[in-house]
Amino acid sequence: MAASSTIVCFGEMLIDFVPDTAGVSLAESQGFLKAPGGAPANVACSISKLGGSAAFIGKVGKDEFGYMLADILKKNGVNAEGVLFDEHARTALAFVTLKKDGEREFMFYRNPSADMLLKESELKMDLIKKAKIFHYGSISLITEPCRSAHMAAMKAAKQAGVLLSYDPNVRLPLWPSAEAARQGIKSIWNEADFIKVSDDEVEFLTQKSPDNEEAIKSLWHDGLKLLVVTDGEKGCRYYTKASLSFKGKVPGYSVKAIDTTGAGDSFVGSLLVSMAKDTSIFTDEAKLKQALAFSNACGAICTTKKGAIPALPSVSDAQALMSGSK
């Protein structure tokens, strides 16, 4: 009998190679640190580290890196029964350069990588149907057969009354073109109950300034319960159902950022933990603001260390930052 997990994360898990020196290009970098990554897997680990119940569904290569990633999920308390190992394709790799401000550039090795080859028939459907929340990104929409598996998983979750959570995580180099990325990301937009986008992603998707309220309104759809726009160190903005008409800003926390990898995933993971505990955050503004402040703290802490999963905070780390103690 499969153990059920409250939040099921679907998509890619890969190895990030991060230069051991910040602020140099890939070509100039002398050495790289191997860090587990992949946004949906980072979110699953973030949930687990905050005391939530998470599972990950995805495919890695039947290789050293694939085994290492499955092991990392288990060590982080994530249910890994939905992890598959592909005999013929390798685990995806990403080389990530850190610019001086901790922002990133990516170079991917996926031709094709194991995560792209997940088939609908391989999905652990009962894990998905028993969840409270099903979380995914857009990278799994880029190629078949993974796209069909993603669509089938989403449909099964929706039919079972599971809340759908979407963080598009735009990675332009992986799409055939910018327009293909826009269309692909928007193709499942109206299915989600909760969407989180960064200010950069608002700009990319709407081709307008992220400060433009009309641009953000154009991202709203009637089935949405909550739309959150993250503004980096400035914090985040939130938008809820027009009939309830509350929206606002929650300020961020000032920290010395070393590496922004995983900050958005840490933010999402902590918000999903709050959501799973109490769905009234969709209608109770005070509770929502509290949950978002906690998510801002989690995102901020994640930028103070290299790599995503190793930098994920615990509840006490976040509370310490929120209460002003380091």
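This is a predicted model: local features need pLDDT of at least 70, side-chain atom pairs count only at pLDDT 80 or more; totals for chains, interfaces and linings use all residues.
Cys 45 lies in helix 1, which covers residues 39–49. Its relative accessible area is 0%, so Cys 45 counts as buried. Several residues from elsewhere in the chain touch Cys 45. Leaving out residues up to four places away in sequence, these are Leu 73, Asn 76, Val 78, Ile 309 and Leu 312. Gly 61 stands 16 residues from Cys 45 along the chain. The C-alpha atoms of Cys 45 and Gly 61 are separated by 20 Å.

Helix 6 spans residues 199–206. Of its 8 residues, 6 are buried, and helix 6 is thus mostly covered. The buried residues are Asp 199, Glu 201, Val 202, Phe 204, Leu 205 and Thr 206. Just after helix 6 comes Gln 207, with a positive phi of about 60 degrees.

Helix 9 runs through residues 285–302 and has 18 residues. From the first C-alpha to the last, helix 9 reaches 26 Å. This is close to the 26 Å expected at 1.5 Å a residue. Helix 9 is also mostly covered, with 13 of its 18 residues buried. A contact marks the start of helix 9. There, a side-chain oxygen of Asp 284 comes to within 3.2 Å of the backbone nitrogen of Ala 286.

Conventions: Residues are numbered from 1 along each chain as its sequence is written. Side-chain values use heavy atoms; hydrogens and water are left out. Helices (H or I, at least four residues) and strands (E, at least two) are DSSP runs, numbered from the N terminus. Buried means under 20% relative accessible area, exposed over 50%, partly exposed in between (1.4 Å probe, protein chains only). Contact means heavy atoms within 4.5 Å. The expected span of a helix is 1.5 Å times one less than its number of residues. A polar contact is a pair of N or O atoms within 3.5 Å; within protein, one must be able to donate a hydrogen and the other to accept it, and residues adjacent in sequence count only if both atoms are side-chain atoms.
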